[in-house]
Amino acid sequence: MPSYRVAIDVHETHPCVSPPSLLPLAEELLARTHRVEDRSVELVRMQPQVHLRFLVETSTDRQEDDEAEDAVRRLVADLTASAVLGRWVLRRGPGGHWRVVREGVAPEPPDVPVDF
């Protein structure tokens, strides 16, 4: 089974969402469909990032990459309910060299009308 890593820029969490809760939430969301091997939060160029490593069922390289990308896009879309996210990068491994497979930017959060 091929292994993938995703790094997601986190700009801020929404009110009432504690920053430490974002990593376990991300793992929980991804674990609904894939086995998560590792998780961490890292600071890269002064930008907090959620990092998750996960497995995809073996098929063809293209199908595996497509499935991994679909999982990441769902994860990012689901996380936008809890945080303002930025760029994400999906890499395929394993080993000392993880090659970039796909990249993207989180969708803008939906406008929510505020009643006063």
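This report walks through the side-chain contacts of a predicted model.

Residues are numbered from 1 along each chain as its sequence is written. Since the model is predicted, local features need pLDDT of at least 70 and side-chain atom pairs count only at pLDDT 80 or more, while totals for chains, interfaces and linings use all residues; side-chain values use heavy atoms, with hydrogens and water left out.

Let's start with rings. There is 1 aromatic pair in the structure (Phe, Tyr or Trp rings, the six-membered one for Trp, with centres within 6.5 Å; planes under 30 degrees apart are stacked, over 60 edge-to-face, the rest tilted). Tyrosine 4 and phenylalanine 54 are stacked, 5.9 Å centre to centre with 25° between the planes. They sit 50 residues apart, in strand β1 (residues 3-13) and strand β3 (residues 47-55) respectively (strands are DSSP E runs of at least two residues, helices H or I runs of at least four, numbered from the N terminus). Tyrosine 4 is buried at 0% relative accessibility (buried is under 20% relative accessible area, exposed over 50%, partly exposed in between, with a 1.4 Å probe and protein chains only).

On to charges: the structure holds 11 salt bridges (a Lys or Arg side-chain nitrogen within 4 Å of an Asp or Glu carboxyl oxygen), including these:

| Pair | N to O distance |
|---|---|
| Arginine 92, glutamate 64 | 2.5 Å |
| Arginine 102, glutamate 69 | 2.4 Å |
| Glutamate 103, arginine 87 | 2.3 Å |

Glutamate 103, by contrast, is partly exposed at 45%, and arginine 87 is partly exposed at 39%.
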